[in-house]
Amino acid sequence: MADLRSAPPPAIGELDHVRGPPGGPLVIEYADYECPYCAQTDLLLIELSARRVFRHFPVPSKHPRARVLAAAAEAAALQGRFWEMHDALFADQGRIDDPHLWERARRLTLDLGRFERDRRSERVAERVAGDFRSGLRAGVVTTPTLFVEGALHAGVPGPELLERLTGGAASARP
Amino acid sequence: MIEPGTRAPEFALADQDGNEVTLASLRGETLVLVFYPLDFSPVCTDQLNVYQEILPELERARARLYGVSVDSAFAHKAFQRELGISIPLLADFHPKGDVARRFGVFNAERGVSRRALVMIDPEGIVRWSHISPSPLQIPGANLIFDALEQAAAA
């Protein structure tokens, strides 16, 4: 039985997807590609150039394609293009059917046959499920959920959190 | 709210299909009651969607999870369908909130249940209870598994 007892979000591991300049507070983000608030949060974090780890938290009864999309991003990761697929998914949440995924894969010049096999593979499913379980254990119940210096923040980050992430620089912007 | 160690009050409530579910009929299994304010309110929606994902693990732990709110069985049916979940939902509808009241989780001012979790062991004794400080705070599924382990170790 999978252990779902409470545990803090795991430290950055080898399999994690990390982005953004080093230095400043690290953000651990649990999110799902079909969730509009996650797309919004993603943009906010890009604008802040926050350093962050992205982890999958697909809830299929809420977002039926979320798990498929997470698997597509992981399949792209196996060809070294995780963030490109990540951005392409968040950039167009209205186009998330299989043909749209193939189109993205082609645009990223992925090996399509391999992408198709990988995104349906046990390995990728387990990778996504591992993120989901670590989120559950850390108390994630909604997306997006961010962990900053150990503290859980559910939902789109508010001005206070954004300001902390930029060390006050956000408030200085016009 | 009801304290661990107390015998859970008996109840008989209709589920989303109108079938009566009683505490007595669930003896022999660990029971997790998820009290929530209302069907179709956004926060409850997230809560039950996430709990849906832990049903296989709960089954392995021989525990059953039920949602309970003051909504009617018909509303529960529509809510269940809307969410695409299989978690059974119990209608604490008439007298309104009676079971929530007996478990000490009714918010009389608002006429709905508070957001609370109660774990009842196979003998009908409450082993764990949790009430959210605010209805906007959803208790994580991890708390249920912590409580299951504690109950198993006791």
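**Close-up 1. Strand β8 of chain B and its buried side chains.** In this predicted model, Ala116(B), Val118(B) and Ile120(B) point one way from β8(B), while Leu117(B) and Met119(B) point the other way, and all are buried. Here a residue is buried if 20 or more other C-beta atoms lie within 10 Å of its own, exposed if 12 or fewer, and partly exposed in between, with C-beta atoms placed from the backbone.

Close-up 2. On one side, β3(B) and β8(B) pair in the antiparallel sense over five bridges, and Leu33(B) has Val118(B) in β8(B) as its bridge partner. Strand β8(B) (residues 116–120) also pairs with β9(B), again antiparallel and over five bridges. Within that pairing, Leu117(B) stands opposite His130(B), and Ala116(B) has Ile131(B) as its bridge partner. Two strands count as paired if DSSP finds at least two bridges between them. Five residues separate β8(B) and β9(B) in their hairpin, and Gly124(B) in the turn has a positive phi of about 90°.

**Close-up 3. The open sheet of chain B.** Stepping back, we find seven strands in the order β2-β1-β5-β4-β3-β8-β9, with mixed pairing. The edge strands, each pairing on one side only, are β2 (20–22) and β9 (126–131) of chain B. From one strand to the next, the twist averages 30°. Helix α5 (residues 141–153) of chain B packs on the sheet and touches β3 (30–35), β4 (63–69), β8 and β9 of chain B; its direction makes about 155° with that of β9(B). Contact requires C-beta atoms, placed from the backbone, within 7 Å.

**Close-up 4. A helix pair in chain A.** The axes of α2 (residues 66–77) and α3 (residues 82–91) of chain A come within 7 Å and cross at roughly 150°. That makes α2(A) roughly antiparallel to α3(A) (angles over 145 degrees; under 35 is roughly parallel, 65 to 115 roughly perpendicular, the rest oblique). Axes are lines fitted to C-alpha atoms, for helices over the stretch in contact, and angles run from 0 to 180 degrees between N-to-C directions. Leu69(A), Ala72(A), Ala73(A), Ala76(A) and Ala77(A) in α2(A) meet Phe82(A), Glu84(A), Met85(A), His86(A) and Leu89(A) in α3(A).

**Notes.** Residues are numbered from 1 along each chain as its sequence is written, and chains are lettered from A and ligands numbered from 1 in the order in which they are written. Local features need pLDDT of at least 70 and side-chain atom pairs count only at pLDDT 80 or more, while totals for chains, interfaces and linings use all residues.

How values were computed. Helix = DSSP H or I, 4+ residues; strand = E, 2+ residues; numbered from the N terminus. Contact = placed C-beta atoms within 7 Å.
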